[in-house]
Amino acid sequence: MTVLLYGRPPAVFDPPGDATQTSPLIPESAALEAQAPGSADAVMIYAPPGVLERRYVLALALRALKAGGRLDVMAPKDKGGSRLGKELKAFGVEVAETAKAHHRRCVVIRPRTADGLDAAIQAGGPQIVPGLEAWSQPGVFAWDRIDPGTALLADHLPPMKGEGVDLGCGYGALATVVLRSPEVTKLKLVDLDRRAIQAARRNIEDARAKVWWSDARTLEARGDKDFVVSNPPFHDGGAEDRRLGQAFVRKAAELLKKGGTAWIVANRHLPYEAELDAAFTRVRLVADAGGYKLFEAVK
(Lines give C-alpha, C1' and ligand atoms only; values in the text may rest on other atoms or scores of the structure.)
Protein backbone atom coordinates (compact mmCIF):
# COMPACT_ATOMS: atom_id res chain seq x y z
CA MET A 1 0.00 0.00 0.00
CA THR A 2 1.43 3.37 -1.04
CA VAL A 3 0.75 6.18 1.44
CA LEU A 4 2.09 9.72 0.98
CA LEU A 5 2.44 12.43 3.60
CA TYR A 6 2.92 16.15 2.96
CA GLY A 7 4.13 18.24 5.89
CA ARG A 8 3.87 17.53 9.59
CA PRO A 9 0.24 17.34 10.73
CA PRO A 10 -0.35 17.66 14.50
CA ALA A 11 -0.33 14.33 16.32
CA VAL A 12 -4.06 14.69 17.04
CA PHE A 13 -4.68 13.84 13.36
CA ASP A 14 -2.72 10.58 13.70
CA PRO A 15 -0.39 10.94 10.71
CA PRO A 16 0.74 7.58 9.30
CA GLY A 17 4.17 6.62 10.57
CA ASP A 18 5.09 4.55 7.51
CA ALA A 19 4.13 7.11 4.87
CA THR A 20 6.54 8.60 2.34
CA GLN A 21 7.18 12.24 3.21
CA THR A 22 6.87 14.61 0.24
CA SER A 23 7.17 18.11 1.73
CA PRO A 24 9.72 20.36 0.00
CA LEU A 25 10.58 21.78 3.44
CA ILE A 26 11.95 18.49 4.76
CA PRO A 27 15.40 17.68 3.32
CA GLU A 28 15.77 14.28 1.67
CA SER A 29 11.99 13.92 1.25
CA ALA A 30 10.49 12.59 -1.97
CA ALA A 31 8.84 14.99 -4.41
CA LEU A 32 5.05 14.94 -4.67
CA GLU A 33 5.51 16.19 -8.24
CA ALA A 34 7.41 13.02 -9.11
CA GLN A 35 4.72 10.56 -7.99
CA ALA A 36 3.21 8.67 -10.90
CA PRO A 37 -0.45 9.45 -11.60
CA GLY A 38 -2.77 6.94 -9.95
CA SER A 39 0.03 5.35 -7.93
CA ALA A 40 -0.97 6.22 -4.36
CA ASP A 41 -3.59 4.54 -2.19
CA ALA A 42 -3.79 7.41 0.32
CA VAL A 43 -2.41 10.91 0.82
CA MET A 44 -2.41 13.01 3.99
CA ILE A 45 -1.64 16.73 3.65
CA TYR A 46 -0.99 19.45 6.17
CA ALA A 47 -1.96 22.19 3.78
CA PRO A 48 0.26 25.26 3.28
CA PRO A 49 -1.23 28.73 3.82
CA GLY A 50 -0.71 30.28 0.36
CA VAL A 51 -3.63 29.89 -2.04
CA LEU A 52 -1.64 29.07 -5.20
CA GLU A 53 0.69 26.79 -3.27
CA ARG A 54 -2.18 25.00 -1.52
CA ARG A 55 -4.20 24.40 -4.71
CA TYR A 56 -1.01 23.13 -6.36
CA VAL A 57 -0.43 20.60 -3.60
CA LEU A 58 -4.08 19.48 -3.58
CA ALA A 59 -4.01 19.00 -7.35
CA LEU A 60 -0.77 17.02 -7.21
CA ALA A 61 -2.23 14.79 -4.49
CA LEU A 62 -5.41 14.13 -6.47
CA ARG A 63 -3.31 13.35 -9.55
CA ALA A 64 -1.16 10.90 -7.57
CA LEU A 65 -4.16 9.06 -6.07
CA LYS A 66 -5.72 6.04 -7.71
CA ALA A 67 -9.50 6.01 -8.15
CA GLY A 68 -11.01 5.15 -4.78
CA GLY A 69 -7.92 6.42 -2.94
CA ARG A 70 -8.31 8.59 0.15
CA LEU A 71 -7.19 12.20 0.43
CA ASP A 72 -7.08 13.57 3.99
CA VAL A 73 -6.29 17.29 4.28
CA MET A 74 -6.19 19.63 7.27
CA ALA A 75 -5.19 23.25 7.90
CA PRO A 76 -5.61 25.80 10.70
CA LYS A 77 -8.91 27.64 10.30
CA ASP A 78 -7.17 31.00 9.97
CA LYS A 79 -4.50 29.74 7.54
CA GLY A 80 -6.52 28.31 4.71
CA GLY A 81 -8.63 25.80 6.63
CA SER A 82 -11.84 27.77 6.17
CA ARG A 83 -11.38 27.59 2.38
CA LEU A 84 -10.26 23.98 2.06
CA GLY A 85 -13.69 22.52 1.35
CA LYS A 86 -14.52 25.05 -1.34
CA GLU A 87 -11.12 24.63 -3.00
CA LEU A 88 -11.45 20.86 -3.11
CA LYS A 89 -15.01 21.00 -4.47
CA ALA A 90 -13.70 23.18 -7.31
CA PHE A 91 -11.88 20.05 -8.52
CA GLY A 92 -15.26 18.33 -8.89
CA VAL A 93 -14.91 16.00 -5.90
CA GLU A 94 -17.20 15.30 -2.95
CA VAL A 95 -15.86 16.49 0.39
CA ALA A 96 -16.56 15.36 3.95
CA GLU A 97 -15.60 18.29 6.19
CA THR A 98 -15.15 18.42 9.97
CA ALA A 99 -13.60 20.70 12.59
CA LYS A 100 -11.02 19.60 15.14
CA ALA A 101 -8.31 21.25 17.28
CA HIS A 102 -8.80 24.69 15.66
CA HIS A 103 -8.38 23.09 12.22
CA ARG A 104 -10.65 22.20 9.35
CA ARG A 105 -10.29 18.67 8.05
CA CYS A 106 -11.48 17.47 4.65
CA VAL A 107 -11.63 13.90 3.41
CA VAL A 108 -12.07 13.02 -0.25
CA ILE A 109 -12.43 9.63 -1.92
CA ARG A 110 -10.85 10.08 -5.33
CA PRO A 111 -13.37 9.72 -8.17
CA ARG A 112 -12.31 8.47 -11.58
CA THR A 113 -12.12 12.00 -12.91
CA ALA A 114 -11.28 15.38 -11.38
CA ASP A 115 -11.49 18.86 -12.90
CA GLY A 116 -8.86 21.57 -13.23
CA LEU A 117 -5.83 19.65 -11.96
CA ASP A 118 -3.52 20.69 -14.80
CA ALA A 119 -4.39 24.38 -14.45
CA ALA A 120 -3.74 24.37 -10.68
CA ILE A 121 -0.45 22.53 -11.15
CA GLN A 122 0.68 25.00 -13.81
CA ALA A 123 -0.30 28.06 -11.70
CA GLY A 124 1.54 26.79 -8.62
CA GLY A 125 4.53 25.24 -10.32
CA PRO A 126 8.00 26.55 -11.22
CA GLN A 127 7.82 29.59 -13.48
CA ILE A 128 9.76 32.59 -14.74
CA VAL A 129 8.34 35.57 -12.84
CA PRO A 130 7.69 38.64 -15.01
CA GLY A 131 9.71 41.60 -13.77
CA LEU A 132 12.20 39.39 -11.93
CA GLU A 133 13.10 37.44 -15.05
CA ALA A 134 14.05 34.63 -12.72
CA TRP A 135 12.72 31.17 -11.92
CA SER A 136 10.67 30.92 -8.74
CA GLN A 137 7.55 29.20 -7.40
CA PRO A 138 4.62 29.99 -5.10
CA GLY A 139 5.54 28.93 -1.58
CA VAL A 140 9.15 30.07 -1.85
CA PHE A 141 9.91 33.07 0.38
CA ALA A 142 9.07 36.32 -1.48
CA TRP A 143 8.60 34.18 -4.55
CA ASP A 144 7.42 36.91 -6.94
CA ARG A 145 9.33 39.96 -5.72
CA ILE A 146 12.58 41.20 -4.22
CA ASP A 147 12.11 41.17 -0.46
CA PRO A 148 12.83 44.65 1.05
CA GLY A 149 15.35 43.17 3.49
CA THR A 150 17.24 41.48 0.69
CA ALA A 151 17.14 44.71 -1.31
CA LEU A 152 18.58 46.66 1.64
CA LEU A 153 21.42 44.15 2.00
CA ALA A 154 22.12 44.18 -1.72
CA ASP A 155 22.24 48.00 -1.79
CA HIS A 156 24.87 48.19 0.97
CA LEU A 157 26.91 45.05 0.34
CA PRO A 158 30.52 45.83 -0.66
CA PRO A 159 32.31 43.55 -3.13
CA MET A 160 32.94 40.24 -1.36
CA LYS A 161 36.21 38.34 -1.53
CA GLY A 162 37.15 34.70 -1.11
CA GLU A 163 34.86 31.84 -0.18
CA GLY A 164 31.42 32.44 1.31
CA VAL A 165 27.98 31.12 2.13
CA ASP A 166 24.50 32.46 1.41
CA LEU A 167 22.39 31.13 4.30
CA GLY A 168 18.73 30.92 3.31
CA CYS A 169 19.42 31.69 -0.33
CA GLY A 170 15.85 31.50 -1.65
CA TYR A 171 15.72 31.54 -5.44
CA GLY A 172 19.14 33.23 -5.59
CA ALA A 173 18.45 36.98 -5.67
CA LEU A 174 21.21 37.88 -3.19
CA ALA A 175 23.68 35.36 -4.61
CA THR A 176 23.41 37.11 -7.97
CA VAL A 177 24.66 40.30 -6.32
CA VAL A 178 27.47 38.55 -4.42
CA LEU A 179 28.75 36.86 -7.57
CA ARG A 180 29.19 40.20 -9.36
CA SER A 181 32.50 40.46 -7.51
CA PRO A 182 35.28 38.73 -9.48
CA GLU A 183 37.17 38.24 -6.22
CA VAL A 184 34.59 35.74 -4.92
CA THR A 185 36.17 32.32 -5.44
CA LYS A 186 33.33 30.09 -4.17
CA LEU A 187 29.77 30.63 -2.96
CA LYS A 188 27.70 27.98 -1.23
CA LEU A 189 23.95 28.57 -1.42
CA VAL A 190 21.88 26.85 1.28
CA ASP A 191 18.12 26.68 1.75
CA LEU A 192 15.61 24.45 3.50
CA ASP A 193 13.10 24.70 0.64
CA ARG A 194 13.63 22.26 -2.23
CA ARG A 195 11.64 24.55 -4.54
CA ALA A 196 13.98 27.46 -3.78
CA ILE A 197 17.00 25.25 -4.39
CA GLN A 198 15.67 24.07 -7.74
CA ALA A 199 14.98 27.67 -8.77
CA ALA A 200 18.40 28.85 -7.62
CA ARG A 201 20.09 26.14 -9.66
CA ARG A 202 18.31 27.45 -12.75
CA ASN A 203 18.97 31.10 -11.95
CA ILE A 204 22.64 30.94 -10.95
CA GLU A 205 24.75 29.89 -13.93
CA ASP A 206 28.15 30.46 -12.37
CA ALA A 207 30.76 27.75 -11.84
CA ARG A 208 31.76 29.33 -8.53
CA ALA A 209 28.32 28.64 -7.03
CA LYS A 210 27.17 25.38 -5.48
CA VAL A 211 23.59 24.94 -4.26
CA TRP A 212 22.70 22.74 -1.28
CA TRP A 213 19.31 21.55 -0.04
CA SER A 214 19.85 21.59 3.70
CA ASP A 215 18.69 23.01 7.01
CA ALA A 216 21.14 25.85 7.65
CA ARG A 217 20.94 25.19 11.39
CA THR A 218 22.51 21.74 10.98
CA LEU A 219 25.00 22.68 8.27
CA GLU A 220 28.53 21.42 8.90
CA ALA A 221 30.77 24.33 9.87
CA ARG A 222 34.57 24.21 9.72
CA GLY A 223 35.28 27.84 10.54
CA ASP A 224 37.00 28.39 7.19
CA LYS A 225 34.76 30.82 5.28
CA ASP A 226 35.63 34.43 4.47
CA PHE A 227 32.08 35.77 4.46
CA VAL A 228 28.44 34.92 5.07
CA VAL A 229 25.39 36.79 3.76
CA SER A 230 21.92 36.10 5.10
CA ASN A 231 18.36 37.32 5.34
CA PRO A 232 17.30 34.78 7.98
CA PRO A 233 13.77 33.40 8.18
CA PHE A 234 11.73 34.06 11.29
CA HIS A 235 8.64 31.96 10.64
CA ASP A 236 8.25 28.23 11.19
CA GLY A 237 5.06 26.67 9.89
CA GLY A 238 3.50 30.10 9.58
CA ALA A 239 4.18 31.14 13.19
CA GLU A 240 6.87 33.64 14.17
CA ASP A 241 9.87 31.95 15.77
CA ARG A 242 12.69 34.33 16.62
CA ARG A 243 14.94 31.41 17.50
CA LEU A 244 15.29 30.66 13.79
CA GLY A 245 17.11 33.90 13.04
CA GLN A 246 19.16 33.62 16.21
CA ALA A 247 20.27 30.15 15.10
CA PHE A 248 21.31 31.60 11.72
CA VAL A 249 23.44 34.20 13.52
CA ARG A 250 25.22 31.48 15.50
CA LYS A 251 25.71 29.34 12.40
CA ALA A 252 27.19 32.29 10.50
CA ALA A 253 29.77 32.72 13.26
CA GLU A 254 30.60 29.00 13.21
CA LEU A 255 31.16 29.07 9.45
CA LEU A 256 33.55 32.01 9.47
CA LYS A 257 37.28 32.05 10.00
CA LYS A 258 38.78 34.59 12.39
CA GLY A 259 38.39 38.01 10.80
CA GLY A 260 35.61 36.76 8.52
CA THR A 261 32.54 38.93 8.02
CA ALA A 262 28.80 38.27 8.19
CA TRP A 263 26.27 40.58 6.57
CA ILE A 264 22.87 39.94 8.15
CA VAL A 265 19.58 41.76 7.60
CA ALA A 266 16.52 41.45 9.83
CA ASN A 267 13.15 43.00 10.52
CA ARG A 268 13.60 45.90 12.91
CA HIS A 269 11.57 44.27 15.72
CA LEU A 270 13.65 41.10 15.85
CA PRO A 271 16.11 40.87 18.79
CA TYR A 272 19.34 39.71 17.17
CA GLU A 273 21.73 42.20 18.77
CA ALA A 274 22.52 40.11 21.86
CA GLU A 275 23.16 37.03 19.72
CA LEU A 276 25.42 39.02 17.39
CA ASP A 277 27.38 40.56 20.26
CA ALA A 278 27.90 37.13 21.83
CA ALA A 279 29.05 35.43 18.62
CA PHE A 280 31.18 38.14 17.02
CA THR A 281 34.12 40.36 18.00
CA ARG A 282 32.75 43.49 16.37
CA VAL A 283 29.21 44.38 15.26
CA ARG A 284 28.17 47.46 13.29
CA LEU A 285 24.67 48.64 12.42
CA VAL A 286 25.08 49.57 8.76
CA ALA A 287 21.52 50.66 7.93
CA ASP A 288 18.11 51.01 9.54
CA ALA A 289 15.46 51.72 6.94
CA GLY A 290 12.06 50.57 5.74
CA GLY A 291 11.43 48.44 8.80
CA TYR A 292 14.72 46.54 8.44
CA LYS A 293 18.14 46.73 10.04
CA LEU A 294 21.39 45.59 8.47
CA PHE A 295 24.43 44.43 10.44
CA GLU A 296 28.06 43.84 9.56
CA ALA A 297 29.59 41.44 12.07
CA VAL A 298 33.27 40.49 12.21
CA LYS A 299 34.41 37.30 13.91
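Analyst: In this predicted model, Val43 touches Leu4, Ala61, Leu65, Arg70, Leu71 and Asp72, once residues up to four places away in sequence are left aside. Val43 belongs to the largest nonpolar core, a set of 28 residues in which Val43, Ile45 and Leu71 are those with the most contacts inside the core. At least two residues of this core come from each of β1 (3–6), β3 (40–46), α1 (51–64), β4 (65–76), α2 (81–89), β6 (103–109) and α3 (117–124), and the largest share, eight residues, is supplied by α1. Apart from this core lies another one, of 25 residues, among them Met160, Leu187, Phe227 and Trp263.

As for the setting, the protein chain contains eight helices and 17 strands, and buried residues account for 50% of its 299 residues. Of the contacts between residues at least 6 apart in sequence, 64% join residues at least 24 apart. The radius of gyration of the protein chain is 21 Å, which agrees with the value near 19 Å for a compact globule, because that is what 299 residues would give; along the principal axes, the C-alpha atoms fill a box of roughly 60 × 40 × 35 Å.

Terms used. Residues numbered from 1 in each chain as written. Predicted model: local features only at pLDDT ≥ 70, side-chain atom pairs only at ≥ 80, totals over all residues. Heavy atoms only, no water. Helix = DSSP H or I, 4+ residues; strand = E, 2+ residues; numbered from the N terminus. Rg over C-alpha atoms; globule rule 2.2 N^0.38 Å. Buried < 20%, exposed > 50% of the residue type's maximum accessible area, 1.4 Å probe, protein only. Contact = heavy atoms within 4.5 Å. Core = buried A, V, L, I, M, F, W, Y, C linked by side-chain atoms within 4.5 Å.
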